[in-house]
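Student: I would like to learn how to read helix packing and backbone angles from a model. Where do we start?

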Amino acid sequence: MSRKPQVHFQALQIANEQRNAYGLRYNDYERYRKHCYNRTHRLRSSLKMTYGRGREFKKLPPINLETIKDGHLQLLLFEAERAWAHSQEMHQESLKLAATAKGAKGAAAEDAEKKSSTNRKHAARRMRRSIHWATQLLSHCQALYAQGRLSAEDLAQVTAYTLILNGRFLRQRYDFEDALVQLSVARNLLDALASAAETSRAQALAVAFADEVGPEIRHCAHELRREKAYDVDAVVAEVAPQHRNALVQDCDALLARLRQERGGAAEERGKLKELLWEGEPVPVRNPELVDVLLKFQDAQEKLVQAGKADEKSANATTTEGDKKGKVAKGSRSKRGGVASYDAILLALSEAEDVSRKLVEAQKLSGTTAAAGTRDIQFVHAYIVYQLLSRRVQRDLLLMSTLLHQMHAAQKSHAGHSKSRKVQVDARLYPAIVKLLDSVLQSLEQMRTLTIVDESPDLASAVEARLAFTKARRCYSLAWCYAPLKKYAEALTLTQRAALHLREARAMLNGTLETDVINAADPAFYPLGPAELDRLGEELELDSTTFKTDWFAYNGGALDPARSATHKKLLFFDIALNYISLDMDRLQERAGKAPVKVPVSPAAAPAQQQAEKKATTAKAKVEEIERAATPEPSAQASGGLSSLLGGWWGRR
């Protein structure tokens with residue numbers, strides 16, 4: 001006799017995925033109901049379980065356990081989900097009509113109240129239909145479990161699903177005592193599933209359904225006037241052990257079988273490591289979020305392993321003493337490290353997108369977490385903080401990779417000369433400025449997060465790194481202006497960088513011992529007094545260099561050897577081109593004033609007429625053709641007068 005095939009059916013996982021994908025994340029029950037209708041139609045067509053064609057109705061035979069498949073179980077599940085979604089849709093409509101009836105008057109109020117009552121009754125009928133389909137599903141799963149074809153985990157999920165539907169229906173009918181029993185047993189099964197889960201996704205799935213049941217248990221306990229109704233775990237621990245064997249067939253044996261199946265060593269691959277923030281765990285209660293965080297965990301482990309391999313290879317190269325090979329290996333490892341951050345940032349971006357959608361869904365549903373608990377908004381802020389910190393770490397590593405070649409050139413150049421001038425690519429410092437702009441943007445966004453604002457030590461650490469990054473940006477921007485001979489702008493930026501550096505030093509001095517970022521693992525932006533002193537020394541040296549270059553650019557020289565040779569300053573060119581000298585006054589002060597020849601009164605008019613004619617004739621000649629510049633007269637007197645007169649073209 002051939003062995004019967006195993007059936008694998010995860011009811012809670014299928015329901016959770018379909019609900020989140022088709023409208024229930026935003027409480028769109030109509031869309032989800034239509035999706036369940038289409039899904040059941042496709043399943044009936046594929047399983048050949050249709051009710052005939054046209055008006056001819058064909059009754060279906062009962063499902064045979066010998067030939068049952070997971071598709072048959074999915075069909076029953078989606079029938080139950082379809083009826084439940086329709087019931088919730090009608091319930092919402094009845095609440096809207098009841099609110100309308102309270103605000104209306106007369107016949108309109110009576111009509112709205114009548115429609116509200118009709119919808120409420122319709123919702124109850126559809127809820128009973130949902131429980132009917134869920135009960136059929138549970139009976140088939142129990143038969144398969146008795147034959148050994150279904151696992152204890154799958155049966156526990158179907159049982160919890162059925163108990164949740166029963167408890168919600170009883171609570172809507174104000175039967176709080178029976179509803180409390182049903183929901184408490186369902187919560188007890190979900191807790192057992194979470195503790196026995198072999199993967200973090202399965203654990204988060206059970207926790208998510210348990211969180212949905214928790215408020216309903218609290219409401220039933222409050223209506224029954226129970227003491228400590230707010231403590232859901234205590235209520236479940238008191239009620240569930242008393243009634244679970246009555247509601248669930250062989251419940252204790254089922255739980256023991258469940259622990260036995262998962263008693264072995266679980267695979268570490270699907271386990272999400274515990275996330276901590278300030279020494280306390282970060283709750284991850286959504287399966288979708290667990291999936292993307294597992295991707296982030298795998299990428300982080302690969303980065304750590306790559307870093308260890310690079311350290312081993314670097315140590316081996318150092319022992320061999322091959323200096324050139326060491327530099328090349330270091331540059332290659334940095335490039336590989338930059339590429340390794342792509343997978344981490346991609347996984348964190350997906351996690352941020354999922355958590356943001358969960359926050360939006362929580363706001364639309366109007367649910368709020370209990371005071372003092374870490375809800376999905378806290379998880380979203382934590383993921384954004386991790387994303388920004390990794391982005392800052394990637395940008396800093398990329399910047400150090402760009403500066404690696406220049407630092408090597410500076411070290412080799414320092415042995416030959418004391419000058420700090422090194423020929424670098426003109427695109428280097430603009431690229432560094434862009435990277436520092438990205439770092440500043442990430443740090444400013446990080447400062448606005450609630451988890452950072454609530455921690456004074458972390459807030460001061462982020463502000464200190466903001467000031468230090470601004471100082472580095474001003475310093476790099478100054479080197480962008482220096483090759484363009486804009487020394488005034490470069491000196492202004494170095495002064496601004498010194499102010500930001502002083503601000504960062506003041507912030508860091510008070511919180512150096514309690515710096516949260518330096519103590520984190522990994523420290524995405526390590527900062528200490530050594531980095532501040534190094535940047536201060538560079539600012540001082542480069543400021544002196546800019547001043548010296550500016551002075552030399554304007555014609556000055558600080559080298560004594562160059563000062564020994566005479567060099568005409570720029571002032572003389574300015575005086576020659578833009579200042580007119582009084583030559584007569586200069587000749588008079590030199591004692592070489594020209595001798596004035598006395599002219600008789602009679603000859604004066606004739607001489608004036610001759611001068612006018614000569615002037616008129618000269619003007620006419622200049623109109624036709626401009627005369628050439630006359631040469632200095634050979635009869636001019638020597639000395640200072642002849643020298644200056646020759647310069648200005650005077651006779």
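Tutor: Start with the elements. Helices (H or I, at least four residues) and strands (E, at least two) are DSSP runs, numbered from the N terminus. The protein chain here has 23 helices and 2 strands. This is a predicted model, where local features need pLDDT of at least 70, side-chain atom pairs count only at pLDDT 80 or more, and totals for chains, interfaces and linings use all residues. Residues are numbered from 1 along each chain as its sequence is written, and side-chain values use heavy atoms, with hydrogens and water left out.

Student: What share of the residues of the protein chain counts as buried?

Tutor: Buried means under 20% relative accessible area, exposed over 50%, partly exposed in between (1.4 Å probe, protein chains only). Of the 651 residues in the protein chain, 38% are buried.

Student: How do I read the packing of α3 and α5?

Tutor: Axes are lines fitted to C-alpha atoms, for helices over the stretch in contact, and angles run from 0 to 180 degrees between N-to-C directions. Helix α3 (residues 70–103) and helix α5 (residues 152–172) have axes that come within 13 Å and cross at roughly 20 degrees. Therefore α3 is roughly parallel to α5; the cut-offs are under 35 degrees for roughly parallel, over 145 for roughly antiparallel, 65 to 115 for roughly perpendicular, and oblique for the rest.

Student: Which residues make the contact of α3 with α5?

Tutor: Contact means heavy atoms within 4.5 Å. On α3 they are Leu77, Ala80, Glu81, Trp84 and Gln88; on α5 they are Tyr161, Leu165, Arg168 and Gln172. Sorted by class, that contact has 5 nonpolar, 2 polar and 2 charged residues. Ala, Val, Leu, Ile, Met, Phe, Trp, Tyr, Cys and Pro count as nonpolar, Asp, Glu, Lys and Arg as charged, and the others, Gly among them, as polar.

Student: At what angle do α6 and α9 pack?

Tutor: Helix α6 (residues 176–195) and helix α9 (residues 251–261) pack at about 15 degrees, their axes 10 Å apart. So α6 and α9 are roughly parallel to each other. From α6, Asn188, Leu189, Ala192 and Leu193 meet Cys251, Leu255 and Leu258 of α9. Their classes are 6 nonpolar, 1 polar and no charged.

Student: What should I look for in phi?

Tutor: Most residues other than glycine have a negative phi. Asn27 has a positive phi, near 60 degrees. Asn27 sits in the loop between α1 (11–21) and α2 (29–47).

Student: Where does Lys485 lie?

Tutor: Lys485 is in the loop between α15 (456–481) and α16 (487–510). Its phi is positive too, near 65 degrees. Lys485 is partly exposed, at 45% relative accessibility.
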